[in-house]
Amino acid sequence: MTRTHLVVNGSAVEVDAPGLRSLADVLRTDLGLTAAKLACGRGECGACTVLVDGLPRTSCTTPAALVRGEVWTSEGLAGENADLRARFADTGAFQCGFCTPGQVVHATALLREGLHALPPDERRERVRTALSGNVCRCTGYQAIVESVCGIAEERGA
Ligand code: FES
Ligand code: FES
């Protein structure tokens, strides 16, 4: 047993994380936090995105034993981003259950940056560029970008 101490969604947990066992595997298998999806499994799609110390990280390529900061998953961020998820649902930005959780987690971090202070074109570009790593072949991203930008404006108001 290789015990690793993590703080996940505000709670201290101890898990068995030998070698390069991924954070995604620990979250999903040991902790039952399945919102972060394992899709590509090699850091290319963003479906497994979580926040570590507030920054988006692909949990499939993050060895759990090396994590030092607090981990927040989509489950733990549900209160903070309820407005964003509602906007996704209302505007058709919601894609499938694989890509959307990662997009929402990443956008939650973006919304902490004070996007509302940026001019609209810069804000859109910032969001579009940031979310380009959360891959979905099924969308043009327009509704997603507009949803995030709209929430940024509302929160800044
Ligand atoms: S499953 Fe982690 S980046 Fe694709
Ligand atoms: S990958 Fe989720 S809808 Fe395209």
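Mentor: Start with a term: helices (H or I, at least four residues) and strands (E, at least two) are DSSP runs, numbered from the N terminus. Also keep in mind that this is a predicted model.

Trainee: OK. Where does Tyr141 sit, then?

Mentor: Tyr141 is in the loop between helix 4 and helix 5.

Trainee: Buried or exposed?

Mentor: Tyr141 has a relative accessibility of 14%. Buried means under 20%, so Tyr141 counts as buried.

Trainee: What about its phi?

Mentor: The phi of Tyr141 is positive, about 75°, although Tyr141 is not a glycine.

Trainee: Which other non-glycine residue has a positive phi?

Mentor: Asn9 has one, at about 50°. Asn9 is in a loop too, the one between strand 1 and strand 2.

Trainee: And is Asn9 buried or exposed?

Mentor: Its relative accessible area is 19%, so Asn9 is buried.

Trainee: What does Asn9 touch?

Mentor: Leaving out neighbours within four places in sequence, Asn9 is in contact with Leu33, Val71, Trp72, Thr73, Glu75 and Gly76.

Trainee: Switching to helices. Which residues of helix 1 are buried?

Mentor: Helix 1 covers residues 23-30, and Leu23, Ala24, Val26 and Leu27 are buried there.

Trainee: What do they pack against?

Mentor: Four strands: strand 1 (3-8), strand 2 (11-16), strand 3 (49-52) and strand 5 (71-72).

Trainee: What comes just after helix 1?

Mentor: Gly32, with a positive phi of about 70°. Further on, Ala39 is in the loop that runs between helix 1 and strand 3.

Trainee: How accessible is Ala39?

Mentor: Ala39 has 47% relative accessibility, so it counts as partly exposed.

Trainee: What does Ala39 touch?

Mentor: Cys45, Ala47 and Phe98, if residues up to four places away in sequence are not counted.

Trainee: How far is Ala39 from Leu23?

Mentor: The two are 16 residues apart in sequence, and their C-alpha atoms are 14 Å apart in space.

Trainee: You mentioned Cys45. Buried or exposed?

Mentor: Cys45 is buried, as its relative accessible area is 15%. Cys138 has 67% relative accessibility, so Cys138 counts as exposed.

Trainee: How many disulfides are there?

Mentor: Taking a disulfide as a pair of cysteine sulfur atoms within 2.5 Å, the count comes to zero.

Trainee: Back to helices. How do helix 4 and helix 5 pack?

Mentor: Helix 4 is residues 120-130 and helix 5 is residues 142-156. Their axes are 9 Å apart, and the packing angle is about 125°. That angle makes helix 4 oblique to helix 5.

Trainee: Left-handed or right-handed?

Mentor: The crossing of helix 4 and helix 5 is right-handed.

Trainee: Which residues make the contact?

Mentor: On helix 4, Arg123, Arg124, Val127 and Arg128. On helix 5, Gln142, Val145, Glu146, Val148, Cys149, Ala152 and Glu153.

Trainee: How many of those are nonpolar, polar and charged?

Mentor: The contact of helix 4 with helix 5 has five nonpolar residues, one polar and five charged.

Trainee: How does helix 2 cross helix 5?

Mentor: Helix 2 is residues 82-91, and its axis comes within 9 Å of that of helix 5, at roughly 140°. Helix 2 is therefore oblique to helix 5. The crossing of helix 2 and helix 5 is right-handed.

Trainee: And the residues in that contact, which are they?

Mentor: Helix 2 gives Asp83, Leu84, Arg87, Phe88 and Thr91. Helix 5 gives Ala143, Ile144, Ser147, Val148, Gly150, Ile151, Glu154 and Arg155. The contact of helix 2 with helix 5 divides into six nonpolar, three polar and four charged residues.

Trainee: One last residue. Where is Ala130?

Mentor: Ala130 is in helix 4. Its relative accessible area is 12%, so Ala130 is buried.

Terms used. Residues numbered from 1 in each chain as written. Chains lettered and ligands numbered in written order. Predicted model: local features only at pLDDT ≥ 70, side-chain atom pairs only at ≥ 80, totals over all residues. Heavy atoms only, no water. Buried < 20%, exposed > 50% of the residue type's maximum accessible area, 1.4 Å probe, protein only. Contact = heavy atoms within 4.5 Å. Axes fitted to C-alpha atoms, helices over the stretch in contact; angles between N-to-C directions. Parallel < 35°, antiparallel > 145°, perpendicular 65-115°, else oblique. Left-handed = near helix turned anticlockwise from the far one by under 90°. Nonpolar A, V, L, I, M, F, W, Y, C, P; charged D, E, K, R; others polar.
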